[in-house]
Amino acid sequence: MKDTLLDLTAEWAGLLMGSLADAGVTDVVVSPGSRSTPFVLAAVRHSEGQGQGRLRLVDVIDERSAGFYALGRAKATGRPCLLVCTSGSAGAHYLPAVIEAGLSHTPLIVLTADRPLELQECGAPQTIDQLKLFGDHVRGFFELGGPEGDPTALAGLRRAVAQAVARSRHPVPGAVHLNVRARKPLEPRPAASEEERALARRVRAVRGTPIATFHPPRLEPSPEALDDLERACREARRGLIVCGPAPLGQAEARPLLLRLAARTGFPLCVEATSQLRFGVAPFHEDGEAQAALCDGFDALFAVEAFRRQHAADVVLQFGGTPTSGGWERYLAAGGTTRRLVVNPYGWSDPHSSATAMIQAEVTSTVRALLGRLEERGPNQRDERGQAHRARWGERFRAANREAWRVIDELVTAPESLGEAQVARAVVASVPREGVLAVGNSLPIRMVDRYAPARLGTCRVWSQRGANGIDGLVSGAAGVAASGCPTTLLLGDVSLLHDLGGLAVAARATGPLVIVVVQNRGGRIFEQLPLVSTGLPEVAAALPHFTTPHEVSFGAAAALFGIAYHRVETLADLDQALGVAQARQGCSLLEAVVPPHGAAALDAALRERLSGALTTAGLLSPLVPLADDEVAS
């Protein structure tokens, strides 16, 4: 039937889907429904193996899960993924993923089928007002209307599609909403009259015309921004580089940031989601000082005395706002005089303390800044501050070593399995070229605090836009569908939020390892200030926050045909991880840990690390430079 001239609705839907493919869309996630029939069939006609095939289709029953699956796929590939659903409340279930796409700057196209205008506001089934359904959470809304055979309208449809895909990528990546209407009959049929055949030929003629190619600009730093960065690097005596959440592609900035840290003498604080923590190697070349890598900064800044005595005069922040609670307290202390934030999108300054916001790509900015520093060499002030910066860097190296010594002792001492041991074991199991997917709430903090930097090429996927715990399984399944061996660490409440995601995770053809930390509830709330109030009514209300449960996930795994292992010891976890990483398909490992272990471990870490830093002489104030040492 693909060579037969079809009715206007079918041909118009074909033009729409063909235009999306021409504009660069390759992945389509479909949720079932009737009103979307013409558009799904058109996507099938343009799918792989269908002659015109450029689209890859995946079916996900639940729109909420579908949204996060598409989001994970888009984050992994960097290309907009297309969502297609029927009319009515179906599209509303995309909202959480649309919000995350906007806040994490991930390109996404949402196509909602809709009823014709004459069925609005009259009690027609599955009919709601879909105009601007997602409000300001999308980068753009296009009401494409229904099939129309006018040549100008057809050319406009093709242009609107090119615009929509472009807007999902620039100026700020995010979701774009297309609303399309169709009248019955929705099923394709051959063009019956000469008029219908003429319309079909007209649509196909437009389909063969070129579509506008969109070339987004690169976000290069301005000369003024580089001046500001260079000045800060040369004038600082106690500088820090901190790297927050970043997309998977920012792993290419690793060697440049290490060189910048070595050149400036600024300690390099890297969190798990920065793409720098797992895959860094010490930089040492031609006698140049090695970068002071500080992967234990979350634990160090949790110690009040260390925060107070190690206030920086300059901070260079690359990427989004760091997850670390210790870093948040460090900034709140107010000791830092200058903080320059480099991030291509958004305004990453929830503390309202940044002195410069530089909207540019991290890699190109660091490369340009290095070029200036290396070409011009040190100035007089820079040379006179070298000794002080060297002492500053060595202090952080020593403190970082002490932090990991204490952490290692704490984590390896207990025989029972805890959140920290699970986090370390999971990180260590991720294969080279694999992706570590980290859930929000407690798991990402456990990885940040207890999993040290490791060599390799592991990238980290997260949903640090809205920082929600929803859609994590579906999102990780989307990452795995891009061909990367994927390992997801998440909490039990997060898995309960996305049990439906196991349906699409079960389709994984490569390794997809899901490790759920089973601690009977949301234990992150036991570490919040809420608990420290000591008020009886708070203690009585705490279960409403921690939501304790008695769910075990073996039956859920069996429902979807997923390999399942329940582990209660570190040895069993290591063995199960080895088996799961070696097999094709999805595995679910349920790691059972004590309910209150994380809070107790964090308290013990702060106390023991404070004592260890005091004993090592790392909490004594740094000797400041004399005035004549820093004079220009």
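Two strands are taken to pair if DSSP finds at least two bridges between them. Strands (E, at least two residues) and helices (H or I, at least four) are DSSP runs, numbered from the N terminus. The model is predicted: local features need pLDDT of at least 70, side-chain atom pairs count only at pLDDT 80 or more, and totals for chains, interfaces and linings use all residues. Residues are numbered from 1 along each chain as its sequence is written, and side-chain values use heavy atoms, leaving out hydrogens and water.

**View A. Six strands form an open sheet with parallel pairing.** Their order is S9-S8-S7-S10-S11-S12. Strands S9 (293–294) and S12 (356–358) stand at the edges; each has a single partner strand, so one side of each is left without a neighbour in the sheet.

**View B. Strands S7 and S8 run parallel.** Three bridges join S7 (residues 239–243) to S8 (residues 268–270). Val-270 in S8 is the bridge partner of Cys-243. Helix H8 (residues 254–264) lies across S7, S8 and strand S10 (314–318), at about 170° to S7; axes are lines fitted to C-alpha atoms, for helices over the stretch in contact (heavy atoms within 4.5 Å), and angles run from 0 to 180 degrees between N-to-C directions.

**View C. Helix H16 (residues 442–450) is mostly covered.** Eight of its nine residues are buried (under 20% relative accessible area, 1.4 Å probe, protein chains only). Among them are Leu-442, Ile-444, Asp-448 and Arg-449.

**View D. Glu-590 lies in strand S18 (residues 585–592).** Glu-590 is buried, with a relative accessible area of 0%. Not counting residues up to four places away in sequence, Glu-590 touches residues including Val-516, Tyr-564, His-565 and Arg-566.

Methods. Buried < 20%, exposed > 50% of the residue type's maximum accessible area, 1.4 Å probe, protein only.
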